[in-house]
Amino acid sequence: MKVRPLALIDDTDRLTEYSAAMDRMQRLWQERVEDRRPDTLWLLSHEPIFTIGRRTPEAHLPAPDSAIPVFETNRGGQLTYHGPGQLVGYLVVKLRPGEGVVDYIREVEHRMIAALDALGIPAERRETPRGSELLTGVWTRDTGRKITSIGMRVGRNVSTHGFAVNVTGDLSPWKLAVACGLPEVDMTSVERELGDRPAPTLEQVAKTVATAYEAVIPD
């Protein structure tokens with residue numbers, strides 16, 4: 001994997017409202033487009049929300065009486081859930097010459113695999129069979145469950161959005177809708193996969209993920 005150091009923004013000590021995060025991410029993107037900031041990893045957690053891509057079918061949405069709001073984004077991918085106990089990473093990165101969004105998503109998958117391996121969870125990416133829903137993301141090798149969702153967008157050669165890895169907390173909201181366009185997917189968490197082993201805190205996982213991305217808080 002190529003060396004790609006990132007500047008780290010760590011807001012994991014609080015929950016961030018999703019639309020406010022989108023506004024800030026847009027500002028970070030503009031700064032990177034104009035070379036006023038370095039490549040950046042922003043780590044945070046959101047209040048409960050479902051987010052959908054532009055291709056998400058209505059049949060995949062939660063029931064109208066769901067208490068969790070739905071927000072349409074401009075990223076790729078299908079429906080996902082964000083909430084307490086989940087680590088979200090937004091990547092504002094200028095792609096290199098000859099590099100496309102799919103190339104960078106592959107790098108993101110491999111870096112998440114490295115982070116999960118450091119946490120004691122063997123993981124893998126999956127190839128998408130022709131004609132099937134995209135299997136972008138990271139899956140546990142031993143149990144075959146999905147632990148990391150990835151959805152990104154590139155504009156003016158700079159990426160936005162990123163990944164979400166479930167760490168601890170309630171996984172039941174995932175069952176209220178069709179996650180990732182995959183009706184049979186079993187979403188899991190670091191806590192669930194570790195079983196009887198002590199689960200790390202979200203802050204500890206954030207440090208492990210930051211290390212996997214070569215991300216440090218600038219001086």
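This is a predicted model: local features need pLDDT of at least 70, side-chain atom pairs count only at pLDDT 80 or more; totals for chains, interfaces and linings use all residues.
Local features need pLDDT of at least 70, side-chain atom pairs count only at pLDDT 80 or more, and totals for chains, interfaces and linings use all residues. Residues are numbered from 1 along each chain as its sequence is written, and side-chain values use heavy atoms, with hydrogens and water left out.

Start with the general idea. Side chains of opposite charge can pair when their charged atoms come close. Here a salt bridge means a side-chain nitrogen of Lys or Arg within 4 Å of a carboxyl oxygen of Asp or Glu. By this rule the model holds 18 salt bridges.

Take Glu31. Its partner is Arg37, with the closest N and O atoms 2.8 Å apart. Glu31 is partly exposed, at 21% relative accessible area. The classes are buried (under 20% relative accessible area), exposed (over 50%) and partly exposed (in between), using a 1.4 Å probe and protein chains only.

Now move to helix α2, residues 101-118. Helices are DSSP runs of H or I, at least four residues long, numbered from the N terminus. Arg106 pairs with Glu109 in a salt bridge, and their closest N and O atoms lie 3.2 Å apart. Both sit in this helix, three residues apart, about one turn. Arg106 is partly exposed, at 29%. Glu109 is buried, at 0%.

Shared partners join Arg4, Glu99, Glu107, Arg111 and Glu214 into one salt-bridge network.

Note on methods. Helices (H or I, at least four residues) and strands (E, at least two) are DSSP runs, numbered from the N terminus.
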